[in-house]
Amino acid sequence: MAGKGSPARLVIALSIAAVLAVFLLYTSIAGGGTPSISPSELQGRTDEVALAGLVVGPVTGDAHDGGLRFRLKDIEGDDPTTIPVLYTGSVPDLFRADRHIVVDGTLVDGTFVAAPGTMITKCPSKYSELEPEA
């Protein structure tokens with residue numbers, strides 16, 4: 001006859017599972033991460049942020065030797081603000097002008113200095129909203 005498991009083990013296992021679930025829920029809601037902003041919102045910020053924008057050419061330099069230089073502007077809206085970016089590290093294959101990207105870093109003397117290896121490109125959607133016919 002097989003012995004019954006201790007109810008204390010079950011209570012402990014369920015308690016641990018509940019604590020982990022609460023922790024995961026808290027971290028997903030609270031974020032606790034880097035705030036994501038657009039180039040027009042960057043002026044005056046001195047903290048580390050995730051800058052999301054549209055790459056404006058030309059793209060110059062070498063990401064592994066002195067840094068890659070380009071400008072970012074807001075993805076949406078008519079704000080003409082562009083921010084110069086200096087990026088070092090690995091560059092995603094899809095990176096180029098007119099691509100949406102996100103980089104983490106800080107604003108230093110008017111240039112956004114991106115943390116090495118933080119660049120993420122957003123894939124262009126093959127689906128786009130149809131223009132209404134007039």
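## A nonpolar patch on the surface

Let's start on the outside: I12, I16 and L20 together make a nonpolar surface patch with about 300 Å² of accessible area. A patch is built from residues with over 30% relative accessible area and no salt bridge, where nonpolar side chains (Val, Leu, Ile, Met, Phe, Trp, Tyr) are joined within 5 Å and like charges within 9 Å. The areas come from the Shrake-Rupley method with a 1.4 Å probe, and for residues only the protein chains shown count as cover. L20 sits in helix α1, which covers residues 7-30.

## What you are looking at

This is a predicted model, in which local features need pLDDT of at least 70 and side-chain atom pairs count only at pLDDT 80 or more, while totals for chains, interfaces and linings use all residues. Residues are numbered from 1 along each chain as its sequence is written, and side-chain values use heavy atoms, with hydrogens and water left out.

## The overall layout

The protein has 1 helix and 7 strands, and along the sequence they come in the order α-β-β-β-β-β-β-β. Helices (H or I, at least four residues) and strands (E, at least two) are DSSP runs, numbered from the N terminus.

Of the 134 residues, 25% are buried. Buried means under 20% relative accessible area, exposed means over 50%, and partly exposed lies in between (1.4 Å probe, protein chains only). The accessible surface of the protein is about 9400 Å², and carbon and sulfur atoms hold 58% of that surface. Among contacts with a separation of 6 or more, 47% join residues 24 or more positions apart; a contact means heavy atoms within 4.5 Å.

## Inside the core

Which residues have the most contacts inside the largest nonpolar core? They are L42, F70, L72, I101, V103 and F112, in a core of 19 residues. Strands β2 (49-62), β3, β4, β5 (100-108) and β6 each supply at least two residues of this core. A nonpolar core is a set of buried Ala, Val, Leu, Ile, Met, Phe, Trp, Tyr and Cys residues joined through side-chain atoms within 4.5 Å.

F70 belongs to strand β3 (residues 67-73) and is buried, at 3% relative accessibility. Beyond four places in sequence, F70 touches a list of residues including V55, P58, I83, V85, F95, I101 and M119. V85, in strand β4 (residues 82-87), is buried too, with a relative accessible area of 2%. Leaving aside neighbours within four places, V85 contacts L68, R69, F70, L72, T111 and F112. L72 has contacts of its own, among them P39, L51, I101 and V103.

## A buried threonine in a loop

Is T118 buried or exposed? T118 is buried, with a relative accessible area of 18%, and lies in the loop between β6 (111-114) and β7 (120-121). Not counting residues up to four places away in sequence, T118 touches Y87, V102, V103 and D104. The backbone nitrogen of D104 is 3.2 Å from a polar atom of the T118 side chain.

## One salt bridge

Side chains of opposite charge can pair when their charged atoms come close. A salt bridge is a side-chain nitrogen of Lys or Arg within 4 Å of a carboxyl oxygen of Asp or Glu, and by this rule the count is 1. The salt bridge joins D47 and R45, whose closest N and O atoms are 2.9 Å apart. D47 is partly exposed at 34% relative accessibility, and R45 is partly exposed at 27%.

How values were computed: A polar contact is a pair of N or O atoms within 3.5 Å; within protein, one must be able to donate a hydrogen and the other to accept it, and residues adjacent in sequence count only if both atoms are side-chain atoms.
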